[in-house]
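User: I have a model open here and want to talk through part of the fold. Can you walk me through it?

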Amino acid sequence: RRSSPPRASGGLAVLVYGVGKWSGARGRLIQQRVEEGPSDLAFGDNSGRIGVGEQKLLKRARALGRTVLVGSDPLRTATGVKRVACWGVVLEVPGGDDWNAGWGDRVIEALRQAGPTPTTFGSRVGLLTGIAQQIGVRLS
């Protein structure tokens, strides 16, 4: 049984970058979503993505005015855990960090209010660190 789609439950749908998901046949599906998908579908970049500059589908999404969210997605390596919260989105959330039952709804609304290019902080890992982390996670 499938769960309710994020929009039906008030959530925010985000297609998060992953090399296996964003290349080949699945990459063509992602490209279709970038070009023709629902206007409230967001796309996610992560700090461990290997490469120089912005990934081409993320760059295209941004050029089309689609929401691109960035964030740390640390790998389970010794250096990865040190990178938690190294890259992310700056939001003004009403009610601050009061983690009551409505907190998630307030964050989603703040993300929607931030528009397609929310303010960010931090940065991705460098190319060599990214490669080292990918090797490290496969060896662990």
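Analyst: On helix H1, the face turned away from the buried side carries the exposed residues Ala25, Arg28 and Glu36. Exposed means over 50% relative accessible area, buried under 20%, and partly exposed in between, with a 1.4 Å probe and protein chains only. Helices (H or I, at least four residues) and strands (E, at least two) are DSSP runs, numbered from the N terminus.

User: Which residues of H1 are buried?

Analyst: Gly27, Ile30 and Val34. Looking down the H1 axis, these buried residues fall within an arc of 55 degrees, so they line one face of the helix. The arc is taken from the directions from the helix axis to the C-beta atoms.

User: What do they pack against?

Analyst: The buried residues of H1 pack against E1, E2 and helix H2 (56-63), where contact means heavy atoms within 4.5 Å.

User: Before I go on, what sort of model is this?

Analyst: This is a predicted model, in which local features need pLDDT of at least 70 and side-chain atom pairs count only at pLDDT 80 or more, while totals for chains, interfaces and linings use all residues. Residues are numbered from 1 along each chain as its sequence is written, and side-chain values use heavy atoms, with hydrogens and water left out.

User: Where is confidence lowest, and where highest?

Analyst: pLDDT is the predictor's confidence in each residue, from 0 to 100. In the protein chain, confidence is lowest in helix H4 (residues 127-139), at a mean of 78, and highest in H1, at 93. The chain averages 82, and 91% of the residues score at least 70.

User: OK, strands. How is E2 joined to E1?

Analyst: Strand E1 (residues 14-16) and E2 run parallel, joined by three bridges; strands pair if DSSP finds at least two bridges between them. Leu15 has Phe43 in E2 as its bridge partner. Between E1 and E2 the chain passes through helix H1 (residues 24-36), and this β-α-β crossover is right-handed. That term applies if, with the strands pointing away from the viewer, the path from the first strand over the helix to the second runs clockwise.

User: And E3?

Analyst: E2 (residues 42-46) pairs with E3 in the parallel sense over four bridges. Phe43 stands opposite Val68, and Gly44 has Leu69 as its bridge partner.

User: Why is E2 largely enclosed?

Analyst: Five of its five residues are buried, so E2 is largely enclosed by the rest of the structure. Ala42, Gly44 and Asn46 are on one side, with Phe43 and Asp45 on the other.

User: Is E3 covered on one face or both?

Analyst: Both: Val68 and Val70 on one side of E3 and Leu69 and Gly71 on the other are all buried.
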